[in-house]
Structures are given as structure tokens and as C-alpha cells.
Amino acid sequence: MGYETSTLGRADVDPQFARAWDGLAAGRGLQADVYDSHAWLAAWWDTAGRERADAVRIPAVLDGDRPRGLLPLAVVSGGRWEFAGRGGGRMRYRPVLGSERPDEEVLGLLADEVGRAGVRDLTLPRLPGRDPATGMLAAALRRAGFRVYLREKSSDCLALVEGGWEQHRRRFAGYERSVRRFANRLRPLWDVTLDEYGPTTGASVLDGYRVYADVLARSWKASSPASRLARHQLELLRRGEAMGWPRVYVLRVAGVPAAVHIWFRLGSVATWLETAYDQRLSALGPGTILMWWSQERIFRESVPQVVDFIPGHNPQKDRLGPDRTPIVVLEAARRTLVSGATFPVRRQVRFVAPALALRVRRKLAGLWPSAAPAPAPGPGPA
């Protein structure tokens with residue numbers, strides 16, 4: 001029996017299906033990503049409000065009652081749809097698949113189901129160019145009758161790991177020296193300790209999150225624990241803890257929490273998701289110290305293949321995440337809706353796409369030699 005397709009709603013996702021969905025997200029090897037998980041989307045569902053949650057539609061490829069491919073979307077109005085998760089701090093988006101090398105048949109069936117669901121105008125931001133599924137989804141949507149445009153928006157911020165901790169230390173020796181200087185200034189004056197909350201410690205990450213929320217209130221990005229984003233973070237940790245994914249690391253100075261990091265570990269990918277430090281101690285570098293010491297703990301547990309600092313730039317990430325590949329926006333429209341007065345941005349993209357395709361191919365060849373490169377976006381709309 002072959003695969004079946006359907007478009008699901010929230011009520012169609014029972015606990016067994018949710019566990020299988022989480023297994024897909026964790027099973028993608030170098031492409032494993034917490035943002036693809038049911039845990040992430042369910043945390044958003046629970047905190048985004050009923051109207052947004054009810055707008056979610058999930059084109060799905062099914063093997064019996066098990067998912068093989070999912071594309072969580074949200075109806076904006078009529079035939080205009082977008083990615084699911086707006087307003088939840090989502091930094092990446094991609095099809096939910098179950099292996100590092102995507103199944104072309106599954107992506108083709110997903111694209112066909114998108115058309116059958118009534119989508120006429122689709123916007124998917126934050127697709128990782130390093131993932132071969134990005135180019136393959138674009139090609140599948142073209143075959144399904146969409147005009148598809150890709151443009152570069154930002155970049156992933158990664159450190160690809162070769163060898164173990166010692167080799168990683170040598171690669172970032174300058175950063176380690178900075179950490180040592182900060183620590184040497186603190187230690188003669190106060191005790192400096194690292195606490196960990198997570199699956200190997202017996203300490204719940206929910207307890208660690210309460211420390212994070214306290215430090216966040218004293219940080220440069222102070223936020224209320226009652227805010228929607230904070231409630232989403234807490235719910236994601238609660239759901240992720242059942243799978244053993246999250247870790248919370250706390251740097252204490254004289255017993256007082258000075259910095260907290262939240263990491264997620266899905267298979268061979270370690271993702272730095274949230275950070276907070278007491279801004280009164282910023283000159284002492286608690287965030288800098290914790291960033292390095294938490295990575296050492298992660299490597300001690302088991303060596304990751306990718307350290308993921310999520311898309312975006314800041315001085316610390318620029319030092320530690322030099323392996324950058326594009327984040328792209330995919331825009332698609334049914335051919336019958338595209339006219340000379342429609343989608344002016346997309347018409348401009350046709351001139352961007354060839355250069356983007358070349359950059360993606362070059363970066364994939366240099367950074368991901370074992371991965372099949374994504375198909376080129378092409379010179380313009382198909």
C-alpha cells in the first residue's frame with residue numbers, strides 16, 4: 001500500500017501521532033531541529049490564542065496512521081497561507097521529515113496536498129539553505145503548479161564539529177582565552193560554579209527555568225514570567241523534558257545566579273536556544289563564561305556534530321558560529337493568480353535567485369560534503 005495524504009487540524013493530532021512527529025524531528029541527523037517538533041508547535045498552540053491555533057492546517061503524508069512528512073501552515077485569509085508559528089520566536093521553518101536525506105516522493109505528495117488544500121498564495125520564511133529539503137520543496141511546488149521564488153534573508157550560525165572537545169577548543173582558542181581571563185578575575189573574589197538541570201542530573205529543567213526567569217528579570221532583555229513568550233518557553237521545556245531534549249545551565253557567582261543558558265539536544269545537534277545574564281555583572285563576563293562551560297558539559301555528555309547558535313548575529317555568535325549558510329524565504333503562488341501587478345517583490349527575486357543558488361551550492365560543498373546539495377532555485381519562476 002502506498003502513502004496517503006490529508007490536511008490535518010489540531011484535533012487530528014493525538015498523543016501517539018505527536019510522539020511519532022517528535023521522532024521525525026529528532027531523526028534528521030545533521031538537520032535535526034527543535035523548531036520542527038510537535039513539542040514546539042504544541043507549546044505555541046497552547047499560548048498563541050485560540051484564533052491562531054484554529055487557523056493551523058497541516059498537509060500530511062501518511063503511512064497508515066504514522067506521519068512521513070508534514071508541512072504545518074496557517075490560514076491567513078482565503079487562499080493566502082503562511083508558516084505556522086508566527087509570534088512564537090520561531091527562528092527556522094522547514095518540512096517535517098524523518099531522515100537527513102529527504103524522500104522526493106514525500107515532498108512531492110506534500111506539495112500536491114498543499115494545492116488540494118486550496119492554497120493560492122504561500123509564504124515560508126526562514127528555510128535553511130543547507131537543508132536539501134529546501135530546494136526539493138521548491139521544485140515539488142513548481143511541479144504542483146506553483147510559481148516559486150526564493151530569496152536570501154539571513155544566515156544560520158553554526159559550528160560544525162570535527163573530532164572531540166580538544167579539537168573544538170583548539171578551533172576556538174581565542175574565545176577560550178577570553179573565558180579564562182574573565183574566570184581568573186572572578187575566582188580570587190568569589191566562588192564560581194556551574195549547575196546543570198537536565199536528563200543526566202536528576203534535576204528538572206522546569207526548576208532550572210525558574211532560575212532563568214529570575215535572571216531574565218535582571219537582564220538587558222527583562223521580560224515578565226507571565227508573558228506569552230515566557231509561557232511558550234516553559235511549555236516547550238515541559239514537553240521537551242519528556243524526550244530528554246532540554247538542558248539548563250546556571251553560572252553562579254558567590255552562590256547567586258549570574259547567567260543562565262537553555263540548550264536543546266536532538267540527536268547529534270546541540271542548539272543554544274535562550275540566554276539571560278544579570279546586567280549588573282556584565283563587565284565580569286558571566287554570559288561569556290557560561291557559553292563556553294555549557295558547551296564543555298555538552299561535549300562531555302556526548303560529542304555533537306553540530307553546535308547550532310540559531311540564525312542571527314552578535315559578537316559572541318560571530319566568534320563561535322563561523323559556519324554560515326543562507327536562510328531563505330520561499331514565496332509561491334498559483335500561476336493563474338500571478339499578473340503584471342501582483343507580487344512585485346517576487347518579480348525582483350528572479351534576479352536574486354541565481355546568485356543565491358550559487359552561494360548555497362558553494363557553501364554546501366565546503367561545509368556539508370556528505371550531504372546532497374539542494375537543487376538550485378533556478379533563474380526565476382517556473
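Residues are numbered from 1 along each chain as its sequence is written. In this predicted model, local features need pLDDT of at least 70 and side-chain atom pairs count only at pLDDT 80 or more, whereas totals for chains, interfaces and linings use all residues; side-chain values use heavy atoms, with hydrogens and water left out.

The structure contains 30 salt bridges, a salt bridge being a side-chain nitrogen of Lys or Arg within 4 Å of a carboxyl oxygen of Asp or Glu. One of them joins the side chains of R10 and D46, with an N to O distance of 2.6 Å. This pair connects distant parts of the chain, 36 residues apart: R10 belongs to the loop between β1 (4-8) and α1 (15-26), and D46 to helix α2 (residues 38-48). Helices (H or I, at least four residues) and strands (E, at least two) are DSSP runs, numbered from the N terminus. R10 is partly exposed at 35% relative accessible area, and D46 is also partly exposed, at 37%. Here buried means under 20% relative accessible area, exposed means over 50%, and partly exposed lies in between (1.4 Å probe, protein chains only).

Other salt bridges lie within a single helix. R50 and D54, whose closest N and O atoms are 3.3 Å apart, are both in helix α3 (residues 50-54), four residues apart, about one turn of the helix. R50 is exposed, with a relative accessible area of 70%, while D54 is partly exposed at 44%. In helix α4 (residues 104-116), E113 and R116 are three residues apart, again about one turn of the helix, and their side chains form a salt bridge of 3.1 Å, N to O. E113 is buried, its relative accessible area being 8%, whereas R116 is exposed at 55%. Elsewhere, salt bridges with shared partners join R28, D33, D36, R92, R94, R130, D131, D156 and D308 into one network.

Strand β4 (residues 73-77) pairs with strand β5 (residues 80-83) in the antiparallel sense over four bridges; two strands pair if DSSP finds at least two bridges between them. S77 has R80 of β5 as its bridge partner. Two residues separate the strands of this hairpin, and G78 takes a positive phi near 55°. On pairing with strand β6 (residues 121-128), β5 runs in the parallel sense over three bridges, and R80 stands opposite D121 of β6. The chain passes from β5 through α4 to β6 in a right-handed β-α-β crossover, meaning that, with the strands pointing away from the viewer, the path from the first strand over the helix to the second runs clockwise.

In soluble globular proteins, nonpolar side chains tend to be buried together. The largest nonpolar core has 51 residues, and those with the most contacts inside it are W21, V34, W45, I58, L236 and F264. A nonpolar core is a set of buried Ala, Val, Leu, Ile, Met, Phe, Trp, Tyr and Cys residues joined through side-chain atoms within 4.5 Å. Helix α2 provides the largest share of this core, eight residues. Leaving aside residues up to four places away in sequence, W45 touches R10, V13, H38, A53, V56 and I58, contact being heavy atoms within 4.5 Å. A second, separate core has 30 residues, including V192, I289, M291 and F299.
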